[in-house]
Amino acid sequence: MVGLISNDVSIWLTMLVVGVFTYATRLSFILIFGQREIPARLRQALRFVPPAVLTAIIFPELLIRDGEIDLSLGNEWLLAGITAVIVAWFSKNVVATIFAGMVALILFEIAGF
Amino acid sequence: MLIPACLALTQVISLPRVTLAPAHLPSAYHRSLSGHDEWLPISLSTMFSARSEFFAGIKAEMPILLGVVPFGMIYGVLALDAGLSALQTQAMSFIVFAGSAQFIMAQLFALNTPALVIVITAFLVNLRHGLYSASVSPFVKHLPARWRQVLAYFLTDEAYAVTIIHYRQKEESPDQRRFKHWFFLGSGLALWTTWQISTAAGILAGTLIPESWPLVFFIPLTFIALVVPNLEDWPSVLAALTGGVISILAFDLPFRLGLIIASFAGIAAGMLAESLRPSPKIRRIESEN
């Protein structure tokens with residue numbers, strides 16, 4: 001019970017801190033730094049944040065099953081993920097990608113490679 | 001409940017606008033435009049331009065909202081599945097109000113990630129809002145601090161996208177420039193309202209979906225849908241691949257530190273690739289400066 005409560009409090013606190021940071025980032029140049037320019041290097045780096053961070057989350061999700069790297073055809077998540085990558089590349093559509101990936105996962109699980 | 005709240009908000013922040021009401025129009029003209037002046041502390045002609053800009057902002061946001069609705073619903077379903085309560089799921093949409101960061105946070109909460117790692121990751125992902133802030137700051141610098149504090153809350157990807165285009169367009173009339181922040185507010189509020197309602201719809205849907213469904217798979221799928229279409233040149237492909245491979249290699253590190261290390265490695269790889277062969281886009285930006 002104590003564990004549950006502290007976990008709950010930690011979720012709320014984390015959320016609040018992230019909320020404050022996010023708001024501060026949005027407010028930064030509008031109110032605080034005024035007209036100061038963003039350094040070119042930082043501007044360049046920011047472009048790579050979404051691909052780097054999101055892929056760093058995607059890869060372990062798809063490749064690591066039960067704590068082990070699984071590159072075999074028996075890894076349905078990996079196969080469905082690759083299907084989704086192909087659909088995302090050609091359709092550039094969030095809903096189509098998620099739909100295709102879900103259907104692929106269900107089919108691969110039924111097929112049971 | 002949301003709509004009265006929005007109306008109340010627009011009125012609270014309209015208070016400092018009193019001094020900006022154009023004085024050169026005859027008062028009879030003011031009166032012909034609306035009958036609600038007695039409870040509004042600003043002049044009618046101000047209201048008229050502000051209102052048309054406000055609704056233009058909502059209208060411009062509409063096509064984007066079509067894509068936001070499923071995204072918000074998926075977030076609601078997912079966050080519940082990740083173990084957040086319905087209240088926490090909805091509160092995150094109020095407090096953080098940033099789609100991709102909310103998805104990542106839900107996923108990291110589900111993995112029992114230490115709070116500090118979640119905060120750092122979300123901060124990294126939301127850093128781009130600093131760019132938006134710098135980009136709109138010349139257009140809002142004449143506004144009172146309170147207006148700017150409110151607008152900053154609405155500075156999301158989706159509101160920024162339509163607002164910056166509107167700011168950069170030539171004004172139809174000299175007065176229009178003075179009311180363009182209402183467009184910003186309109187697009188931001190339209191997105192905000194849609195995001196809150198679709199989160200709530202996702203929470204409702206999430207309670208109806210059987211537990212046996214592999215909903216957890218929504219997260220990597222959503223991220224694939226976000227990343228893949230934006231891999232527009234080889235530095236960003238390299239950033240993605242490096243981030244992915246390092247996160248596998250560093251997976252066994254404690255506190256999910258591998259995620260942070262992989263993120264920085266991916267960013268560094270992208271920058272290195274770009275310094276070796278600048279893409280046309282970057283060359284153009286540099287030549288403009």
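Student: What percentage of the 289 residues in chain B is buried?

Tutor: This is a predicted model, in which local features need pLDDT of at least 70 and side-chain atom pairs count only at pLDDT 80 or more, while totals for chains, interfaces and linings use all residues. Residues are numbered from 1 along each chain as its sequence is written, with chains lettered from A and ligands numbered from 1 in the order in which they are written. A residue is buried if 20 or more other C-beta atoms, placed from the backbone, lie within 10 Å of its own. For chain B, with its 289 residues, the buried share is 43%.

Student: How many helices does chain B have?

Tutor: Helices are DSSP runs of H or I with at least four residues, and strands are runs of E with at least two. Chain B has zero strands, and its helices number 14.

Student: In which pattern do the elements of chain A follow one another?

Tutor: Chain A contains five helices and two strands. Along the sequence, their order is α-α-α-β-β-α-α.

Student: What share of the contacts in chain A with a separation of 6 or more joins residues 24 or more positions apart?

Tutor: Two residues are in contact if their C-beta atoms, placed from the backbone, lie within 7 Å. In chain B, the share for residues 24 or more positions apart is 75% of contacts with a separation of 6 or more. For chain A, the corresponding value is 33%.

Student: How many residues of chain A are in contact with chain B?

Tutor: On the side of chain B, 75 residues take part. Their partners in chain A number 59.

How values were computed:
A residue is buried if 20 or more other C-beta atoms lie within 10 Å of its own, exposed if 12 or fewer, and partly exposed in between; C-beta atoms are placed from the backbone.
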